[in-house]
Amino acid sequence: YEMVAFLILLLFAVIFLVAGGVMLYFRNRTKQKSALMSQTETSNASDVNRLSPGTLVEVKGRLRCEEPLTSEFAEKTCAYYSSKVTREYMERDRHDDDDIGSDRRSEVVAQNEQFAPFEVEDDSGSVAVDADGAEVDARQVVNRFDRNTGKEGASISLGGATINLGGGEHTIGYRYTESILPVDEAAYVLGTVQEDGGIGAPQSGEEGHRFVVSHRTEEALGQSLGKTVLWLGVGGAGALVLGVVLLVIGIIVLVS
């Protein structure tokens with residue numbers, strides 16, 4: 001009995017320790033991102049092409065796009081969109097074939113992400129941005145749950161492909177989400193000067209650089225990142241403490 005209890009406690013201790021480590025890792029990543037944004041001076045859009053390739057730069061202005069996209073769900077004009085369909089279902093109890101179980105699960109069944117070349121324009125002019133590879137902070141324009149699309153034969157077209165949504169008898173429904181970078185609205189970009197004078201992703205060897213494109217102002221994005229750092233820190237520390245406590249209890253049970 002003691003060994004079984006110890007192994008169970010050890011398993012949960014490892015789960016919490018790993019979860020805590022992962023949360024603290026992402027906390028540090030987010031904190032570094034926020035610090036990099038604060039430390040980088042804002043450049044005029046027209047001055048970026050005069051900077052050396054590989055220079056970390058940030059610009060603020062309005063997003064302009066000559067050949068914008070149309071998002072698939074909301075049908076909004078944008079320079080970027082990410083559309084996703086997620087199936088939500090009840091997981092069957094593995095120990096009882098007659099019991100569906102009470103655990104709600106989800107899986108992404110379709111996703112499409114598209115970019116269009118765009119520019120950020122300020123009072124000085126504009127600079128081209130190639131957002132491929134960026135950490136995109138986009139505005140969510142669709143988040144709906146549909147219980148009806150789990151019917152047999154139901155389907156949806158996403159990214160030019162037709163996806164069958166007949167997800168089985170345990171399917172609760174499908175959640176549709178979509179986020180965009182809207183055209184002619186505020187934009188913030190932190191990235192690396194490219195050979196052509198535009199802004200894009202850092203090259204290999206450019207350690208510490210990040211590539212961020214956001215629909216929010218730098219101030220609003222910074223506040224959001226600050227909250228994320230706080231909650232990841234609290235959650236990570238709590239998970240580590242709980243993991244250590246479970247490990248100690250397990251050792252006490254084993255030796256008692």
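## A tour of rings, strands and cores

Start by selecting Y80, which counts as buried because its relative accessibility is 5%. Keep in mind as you go that this is a predicted model.

**Stop 1: the partner of Y80.** Y80 and F115 form a tilted aromatic pair, with 4.9 Å from centre to centre and 45 degrees between the planes. Colour the strands and you will see Y80 in β3 and F115 in β4 (residues 103–115), so this pair ties together parts that are 35 residues apart in sequence. F115 is partly exposed, with a relative accessible area of 27%.

**Stop 2: another ring pair.** A search of the whole structure finds three aromatic pairs. For one of them, select F73 and Y176: the ring centres are 5.6 Å apart and the planes stand at 85 degrees, so the pair is edge-to-face. F73 sits in the loop between β2 (69–70) and β3 (77–91), while Y176 belongs to strand β11 (residues 171–182), so the contact ties together parts 103 residues apart in sequence.

**Stop 3: charges over rings.** Stay on Y176 and bring up R144. The charged end of R144 sits over the ring of Y176, 4.4 Å from its centre. For a second example, show R87 and Y89: here the charged end of R87 sits over the Y89 ring, 4.2 Å from the ring centre.

**Stop 4: strand β1 and its neighbours.** Switch to cartoon view and select residues 56–64, which make up β1. Seven bridges join β1 to the antiparallel strand β12 (residues 186–193), and V59 stands opposite V189 in β12. β1 also runs antiparallel to β5 (residues 118–122), joined to it by three bridges. L63 has V120 in β5 as its bridge partner.

**Stop 5: the nonpolar cores.** Which residues touch the most other members of the largest nonpolar core? Select L63, F118, V120, V189, I199 and V213; the core has 24 residues. Strands β1, β3, β5, β6 (125–129) and β12 each supply at least two residues of this core. Zoom in on I199: leaving aside residues up to four places away in sequence, I199 touches residues including V57, V59, V127, V189 and F211.

To finish, go back to F73 and Y176. Both belong to a second, separate core of 10 residues, which also includes I163 and L165.

Conventions:
Residues are numbered from 1 along each chain as its sequence is written. This is a predicted model: local features need pLDDT of at least 70, side-chain atom pairs count only at pLDDT 80 or more; totals for chains, interfaces and linings use all residues. Side-chain values use heavy atoms; hydrogens and water are left out. Rings of Phe, Tyr and Trp (its six-membered ring) pair if their centres lie within 6.5 Å; planes under 30 degrees apart count as stacked, over 60 as edge-to-face and the rest as tilted. Helices (H or I, at least four residues) and strands (E, at least two) are DSSP runs, numbered from the N terminus. Buried means under 20% relative accessible area, exposed over 50%, partly exposed in between (1.4 Å probe, protein chains only). A charge sits over a ring if NZ of Lys or CZ of Arg is within 6 Å of the ring centre and within 35 degrees of the ring normal. Two strands pair if DSSP finds at least two bridges between them. A nonpolar core is a set of buried Ala, Val, Leu, Ile, Met, Phe, Trp, Tyr and Cys residues joined through side-chain atoms within 4.5 Å. Contact means heavy atoms within 4.5 Å.
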